Amino acid sequence: MSEPKSPTPAAGDTYKGWLFKWTNYIKGYQRRWFVLSNGLLSYYRTQAEMGHTCRGTINLATANIAVEDSCNFVISNGGAQTYHLKASTEIERQRWITALELAKAKAVRMQAESDDSGDDCPAVPPTPGQSGGRNSEVQSTLRTLSSKVEDLTTCNDLIVKHGSALQRSLSELEGIHVAGDMGEKIRQVTERATLFRITSNAMINACRDFLFLAQSHSKRWQKALQVEREQRIRLEETLEQLAKQHNHLERAFRGATVLPSSFSNPALGNKGSGSGKGDASDEDDENEFFDAMEDPAEFITVPADPKYHRRSGSNVSGLSSETGMDDQSVNFDELSLASNPESPQPLELEPVGQRRTRIADKPNYYLNLWSIMKNCIGKELSKIPMPVNFNEPLSMLQRLSEDLEYYELLDKAAKCQSSLEQMCYVAAFTVSSYSTTVHRTGKPFNPLLGETFELDRLRECGYRSLCEQVSHHPPAAAHHAISEKGWSLRQEITLASKFRGKYLSIMPLGSIQCIFDKSNNHYSWKKVTTTVHNIIVGKLWIDQSGEIDVVNHRTGDRCHLKFAPYSYFSRDVPRKVTGVVTDKDGKAHYVLSGTWDEKMEFSRVMQSSKGENGTEGKQRTVYQTLKAKEIWKKNPLPEGAENMYYFSSLALTLNEPEEGVAPTDSRRRPDQRLMEEGRWDEANAEKQRLEEKQRTTRREREREAVKAAGSPEEGAHQDNHQALWFEKIDDSVSGETLHVYKGGYWETKDSGSWDICPDIF
């Protein structure tokens, strides 16, 4: 392959062949068919795929080409794409390197010429009727240029042929000694010189025509390309405006149709909505209490005085009573609900220094999310290299620690005498952990393997917690928290995520467990699915949907929570959560209702009844309850939160530098710190360095595992990483294998000796 003399691509610009491409640690190098053409390197599994399925493409204009050894080389465009390739021989590798370098040089030159040309031609945006004519004009011009290229090729062959003949004739002319042959030889030389001159003139004319056509159309093509770019930008801006208008209309619609009073008192709100009961969008698919909750006319609130319990409202006629309670139990429950959340008084805690209330404002850097995410459809989010522009300056370990923002709910739960009432507080705590996500569209940093985060609030709040990244593939984090108020919390969360084009789904895997020392009640639950909408266009927004079963494994009590997905047509308040607390026999004792971004209320169930069948023939349950009481309310965001990634007051302090923390603590992570300070370009470079360092460390562990196993077949893909502060056990409660805290961290912190910690930053 020779370097072309002009920006016009020729046949020699295409280079094809087989190379071995590194895929992963399981499959290693795999044979792939690579095609180098027009400054782009593409690869396919087989040659037959060239017509329909390209597995990947990298632009050489912005790529770096590095040689590793005799047969291996690497092509990278700065982090988003990296190809580790291997040729069969050193000669074959050198051929590819030569072809790639020449193609890269030409791509850079053509890009520079394209940017500098066509500035003096007026850009007239074509009308819709002109697009077909312009395409036909381009096709006609291309055919003419191709014809001229063929003429140039023919003339070149003739020049070579006649030039050689002329050279031979001149050589023969020098050897003539007989005067009689002089005339014949001179005639032959004259004829061949004439043919050479004619052919040269034809070549010159063909070159002149080709250059004229190329010059006359080059600027026109450049301006046409510029017009297309401007049209695309205008289209993106139009779509953005439509998305904003759509959001305004949506909010206006919700404000016009959703009454706040219907949320605070479901029994009184929306009394006249029975006529719309037959709409398909208002029907639930399951025969549960949530159907009754969605129809406020069937949800009954009864005063605490027993004389009101015997009164039947107009909307309970025909109901068959299932359960009842005597007056003494009613009075006891009322006193319990009214007094218990406030008593006994909490212990006095030592004051500490003032924690920060602000961080640097988020820079206004524009980056097109779709330009990156369009190549990631269907892929695992944790395996997609992302710039920090899409992040928030917190790690996933710190986000897990944010679950403790409303730790007071667990403090109150620890004081409850009734396990059923305790279940209400635990259920409210599970809902409260989502309140910080409503505006948090930034992606937290993926923790490095071995990274830790401590949240020591023992003096302020009576608890402290520790998180550690215990696995990298799949990414898993273990969390342990313990409180002086008599409760402990542990969880191991693995995130499974998929990008579906219009939205991003994040499915947390693993269970959360809460244990109370005094009663020995052991609760467990799982998280719901988080969905990020408007990935392509519009303002990003987050929704939580799914169901949670909070189970008390000692008593058999259960709370079934339902997070209703957002719907344009629902008459309910957005982000609604409903729940029922039942005992081991399935008898309902408490009802919870509210939203996961504002507050939750709970009320005592006095009687449950079966109502009339719904539109789909399913019987609905009606609960008669005491007056609802607020059990949890979201703390207001700090002033200026919209400029600080919508962080809560607790989130603002999570990355605040602290003395004495482990060298693996997230607060010491340099790329995260640079992003928080607004130095995003430096943060991106540091993030790539840390990720490459982690990959190198993992390859070393893989090699050690191979040596320890004795044969590549047995240990080639083993990872011998062991968590430092957590150990893996078989949990008898959940039936799963999980990491639990084994101790030693806080003692090591007190001694100040962190020698056992790895160097991950």
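Two strands pair if DSSP finds at least two bridges between them. The legends below describe close-up views of a predicted model.

View 1. Strand β13 covers residues 463-472, and seven of its ten residues are buried. Nine bridges join β13 to strand β14 (residues 475-483), and the two strands run antiparallel. In this pairing, Gln469 stands opposite Ala477 in β14. A hairpin through two residues connects β13 to β14. Strand β12 (residues 452-457) also pairs with β13 in the antiparallel sense, over six bridges. Here Glu454 stands opposite Leu466 in β13.

View 2. Helix α11 is made of 14 residues, 419-432. At 1.5 Å a residue the helix should span 20 Å, and its end C-alpha atoms are 20 Å apart, so the two values agree. The helix is mostly covered, with 14 of its 14 residues buried. At the start of α11, a side-chain oxygen of Ser418 comes to within 3.3 Å of the backbone nitrogen of Leu420.

**View 3. The aromatic pair Trp18 and Trp33.** A pair of aromatic rings is described by the distance of the centres and the angle of the planes. The whole structure holds 20 aromatic pairs. In the pair Trp18 and Trp33, the ring centres are 5.2 Å apart and the planes are at 70°; planes over 60 degrees apart count as edge-to-face, so this pair is edge-to-face. Trp18 lies in strand β1 (residues 15-24) and Trp33 in strand β2 (residues 28-37), so the pair ties together parts that are 15 residues apart in sequence. Trp18 counts as partly exposed because its relative accessibility is 28%, whereas Trp33 is buried, with a relative accessible area of 10%.

**View 4. The aromatic pair Tyr406 and Trp632.** The ring centres of Tyr406 and Trp632 lie 5.5 Å apart with their planes at 90°, so the pair is edge-to-face. This pair links distant parts of the chain, 226 residues apart. Tyr406 is in the loop between α9 (396-401) and α10 (408-415), and Trp632 is in strand β26 (residues 629-633). Both Tyr406 and Trp632 are buried.

**View 5. A ring cluster.** Trp725, Tyr745, Trp746 and Trp754 are linked into a cluster by ring pairs.

**View 6. Arginines over aromatic rings.** Arg575 lies over the face of Trp596, at 5.8 Å from the ring centre. The charged end of Arg604 sits over the ring of Tyr590, 5.1 Å from the centre of that ring.

Definitions and conventions
Residues numbered from 1 in each chain as written. Predicted model: local features only at pLDDT ≥ 70, side-chain atom pairs only at ≥ 80, totals over all residues. Heavy atoms only, no water. Helix = DSSP H or I, 4+ residues; strand = E, 2+ residues; numbered from the N terminus. Expected span 1.5 Å × (residues − 1). Buried < 20%, exposed > 50% of the residue type's maximum accessible area, 1.4 Å probe, protein only. Polar contact = N/O pair within 3.5 Å; in protein donor to acceptor, adjacent residues only side chain to side chain. Phe/Tyr/Trp six-rings, centres within 6.5 Å; stacked < 30°, edge-to-face > 60°. Lys NZ or Arg CZ within 6 Å of the ring centre and 35° of its normal.
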